[in-house]
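Biologist: I would like to go through this model with you. Shall we take the record first, then the chain contact and the core?

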Amino acid sequence: MTETTVILALVVVTALGFDFTNGFHDTANAMATSIATGALRPKVAVALSGILNLIGAFLSVEVALTVSNAVVRIQNSDGTPKEALTSDGGTALLLIVLAGLVGSIVWNLFTWLLGLPSSSSHALFGGLIGATIAGLGWAGVNWNGDGSKLDGVVGKVILPALMSPVIAGLVAAVGTWIIYKITVGVAARFTENGFRWGQIGSASLVSLAHGTNDAQKTMGVITLALIASGEWTDTGNIPFWVKASCALAIALGTYLGGWRIIRTLGKGLVEIASPQGMAAESSSAAVILASSHLGFALSTTHVATGSILGSGVGKPGAQVRWRVAGRMVAAWLITLPSAAVVGALMWYIGDLIGGLGGALVIFLILLAAAGYMYWHSRKTPVDHNNVNDEWDEPAERREPAGTAA
Amino acid sequence: MSNLGFALEGAWKVLLAGLILGAGLPALFAVGIRSMAFGAGGDAEVDHAPPHPIGRLVAYVLFTVVVFVALLGITFIVASGFGKTISFDHIYPTIVDK
């Protein structure tokens with residue numbers, strides 16, 4: 001077993017670890033509203049979402065090998081790694097990818113600890129960008145594309161991040177407002193029951209779309225690492241074990257459930273009722289599907305949060321906790337740069353020590369950071385038992401949505 | 001064209017599709033529920049009108065439409081995974097190569 005093989009193994013394990021955090025970070029996107037309104041019991045919701053993510057991940061047979069090309073220049077346009085990075089058996093590229101993944105996971109865990117729904121795709125791109133800047137300099141990053149299509153950090157990450165929550169919020173607000181207008185005067189037993197079913201259906205659609213969208217990013221990263229180290233040569237396909245393990249990792253992560261984030265999205269932002277839940281999930285599903293059809297890259301997290309916020313704005317007399325919303329937006333803004341800083345730092349540490357030792361050290365740093373954050377989370381545990389408890393932030397002034405929006 | 005131009009071009013299409021499917025379908029569903037209550041009559045609505053059997057029928061038709069479009073959405077996800085897309089060239093949806 002050569003040094004490169006060991007580093008490759010570390011990259012694969014770390015990538016699957018990222019996929020796992022991607023899963024539990026995003027359970028809330030699909031299921032927070034169904035859990036909050038009681039349409040599904042918490043454990044049933046995460047199980048359903050996990051299964052749909054698993055199915056979704058297997059359905060994503062489209063090759064996502066060039067996923068990193070939108071933001072960093074470590075691959076050629078056909079998906080093979082740049083020759084300069086593989087001259088030493090691939091170690092240079094593997095170190096960039098490993099450092100980037102460590103940055104992504106650390107940031108994902110940190111925002112989970114704070115209960116903030118930050119974007120996993122931003123964390124992944126941020127980590128890779130940071131590690132690439134450290135390893136190859138500023139020119140290694142594809143900032144703006146070549147002007148022929150939507151591309152680069154600006155086109156694929158920043159602009160969609162600014163626009164997608166607004167679009168989703170608008171759609172959900174319009175949907176919620178119409179639903180309440182239409183069902184004025186209908187007895188609650190009809191609306192509650194009916195919209196719960198609508199909610200379960202639309203949330204399932206979001207889960208399925210999430211599996212197809214997000215799992216393939218990790219599949220692409222692992223396959224890139226395999227090609228760089230000479231273990232795989234076919235740029236048109238992904239090894240089956242990569243697909244299966246990524247699908248399992250994201251499904252298990254989803255099933256574990258990021259209860260802290262589910263709580264924030266389901267209870268913290270808006271007091272949600274089932275008609276709002278259905279409007280929010282339908283908006284998310286429609287926006288995610290329409291975007292992927294049009295090649296408009298976006299983060300499911302941003303869409304889901306925008307939708308839930310919109311459903312609060314659209315319901316007459318509903319309350320939106322704008323302070324919680326503000327904290328979320330702040331987390332979105334700093335996700336990419338923060339993951340980039342951690343990714344860059346990891347690359348410098350790995351490069352300083354060099355070779356297998358360097359890779360091992362940053363892997364151990366990851367384990368230590370993850371262990372510390374898990375330990376910290378146990379002090380104020382949030383799980384399926386208390387996820388729906390009343391949200392009380394005594395210092396906060398609640399504003400009716402009508403005046404604040 | 002700049003990135004901003006491309007992004008805005010994509011954004012309004014997503015908004016349009018979002019409003020039709022993401023707000024339109026829930027609205028249709030809401031009409032279905034309203035119609036269901038209209039069909040049941042009595043204390044299902046605040047005006048305590050007598051039952052109207054036609055309401056129930058309309059409700060089931062509307063629910064069927066909503067479920068059909070949602071299934072179309074799932075078909076779209078599955079199809080795009082296999083490099084296919086859904087075409088509406090023949091009015092009714094067909095699965096074609098991308």
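Biologist: Where in chain B does UniProt place the feature "transmembrane region"?

Modeller: Keep in mind that this is a predicted model. The feature comes from an unreviewed UniProt entry. The model is 100% helix and 0% strand over residues 12-37 of chain B, with end C-alpha atoms 36 Å apart. Residues 57-79 of chain B are also 100% helix, their end C-alpha atoms 33 Å apart, and the places UniProt gives are residues 12-37 and 57-79 of chain B.

Biologist: Which element gives the most to the side of chain B that touches chain A?

Modeller: The contact takes 40 residues from chain B and 48 residues from chain A. On the chain B side, the elements giving two or more residues are α1 (3-40) and α2 (53-81). By class, that side has 27 nonpolar, eight polar and five charged residues. With 25 residues, the element that gives the most is α1(B).

Biologist: Why is α4(A) largely enclosed by the rest of the structure?

Modeller: Helix α4 of chain A covers residues 91-113 and reaches 33 Å from its first C-alpha to its last. A residue is buried if 20 or more other C-beta atoms lie within 10 Å of its own. α4(A) is largely enclosed because its buried residues number 22 of the 23.

Biologist: Which residues does A:Val97 contact, leaving aside neighbours within four places in sequence?

Modeller: The largest nonpolar core has 156 residues, and A:Val97 is one of those that touch the most other members. Beyond its sequence neighbours, its contacts are A:Val11, A:Val221, A:Leu224 and A:Ala225.

Methods. Residues are numbered from 1 along each chain as its sequence is written. Chains are lettered from A and ligands numbered from 1 in the order in which they are written. This is a predicted model: local features need pLDDT of at least 70, side-chain atom pairs count only at pLDDT 80 or more; totals for chains, interfaces and linings use all residues. Two residues are in contact if their C-beta atoms, placed from the backbone, lie within 7 Å. Helices (H or I, at least four residues) and strands (E, at least two) are DSSP runs, numbered from the N terminus. Ala, Val, Leu, Ile, Met, Phe, Trp, Tyr, Cys and Pro count as nonpolar, Asp, Glu, Lys and Arg as charged, and the others, Gly among them, as polar. UniProt positions are given in the numbering used here, feature names are shortened, and annotations may be inferred rather than shown by experiment. A nonpolar core is a set of buried Ala, Val, Leu, Ile, Met, Phe, Trp, Tyr and Cys residues joined through C-beta atoms within 7 Å. A residue is buried if 20 or more other C-beta atoms lie within 10 Å of its own, exposed if 12 or fewer, and partly exposed in between; C-beta atoms are placed from the backbone. The expected span of a helix is 1.5 Å times one less than its number of residues.
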